[in-house]
Amino acid sequence: MAEPQIQYAKTSDGVNIAYWTVGKGDPPLVMSPPLGWSHISRELRIPGIAAWYEHLASQRMLVRYDPRNQGLSDREVERFSEAELAGDVEAVIERLASPQVDLLG
């Protein structure tokens, strides 16, 4: 899988959230990161993960993001509650400008 272009969405509290998209088709499938670790660029170097992402993106757009304080998103962000983490995915969804998305967590 070729590495997709990294894009950024800004949350309501000003944090830059890194994400990428691959594939085409609606509704986009927004995949939340696993708990405790996320790096949307480095994980693509793991063949099994890259193959799974390619499979998911074969029928629709797949969207993967790094939450605040992880991966390519802004680091050293003090606010790290469940509400702020929800704001991370909301910022990405708003940036997609799609009327509907599916979430995979």
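**View 1. N69, a partly exposed residue in a loop.** With a relative accessibility of 24%, N69 counts as partly exposed, a class that lies between buried, under 20% relative accessible area, and exposed, over 50% (1.4 Å probe, protein chains only). N69 sits in the loop that runs between β4 and α2, where helices (H or I, at least four residues) and strands (E, at least two) are DSSP runs numbered from the N terminus. The phi angle of N69 is near 70°, a positive value in a residue other than glycine. The model shown here and in the other views is predicted, so that local features need pLDDT of at least 70 and side-chain atom pairs count only at pLDDT 80 or more, while totals for chains, interfaces and linings use all residues. Residues are numbered from 1 along each chain as its sequence is written, and side-chain values use heavy atoms, with hydrogens and water left out.

View 2. Helix α1 spans residues 47–56, and its buried residues are A50, Y53 and L56. Seen down the axis of α1, these buried residues fall within an arc of 125°, so they line one face of the helix; the arc is that of the directions from the helix axis to the C-beta atoms. An α-helix has 3.6 residues a turn, so residues three or four places apart point the same way. What covers the buried residues of α1 includes the strands β2 (16–22), β3 (29–31), β4 (62–65) and β5 (102–104), with contact meaning heavy atoms within 4.5 Å. The face of α1 turned away from the buried side carries the exposed residues P47, G48 and H55.

View 3. A97 counts as exposed because its relative accessibility is 65%, whereas S98, at 18%, counts as buried. Although A97 is not a glycine, its phi is positive, at about 55°. A polar atom of the S98 side chain lies 2.8 Å from the backbone oxygen of Q100. When residues up to four places away in sequence are not counted, S98 touches D26 and P28.

**View 4. The cis peptide bond between D26 and P27.** D26, one of the residues that S98 touches, is joined to P27 by a cis peptide bond, for which omega is about -10°. P27 itself lies in the loop between β2 and β3.

How values were computed: A polar contact is a pair of N or O atoms within 3.5 Å; within protein, one must be able to donate a hydrogen and the other to accept it, and residues adjacent in sequence count only if both atoms are side-chain atoms.
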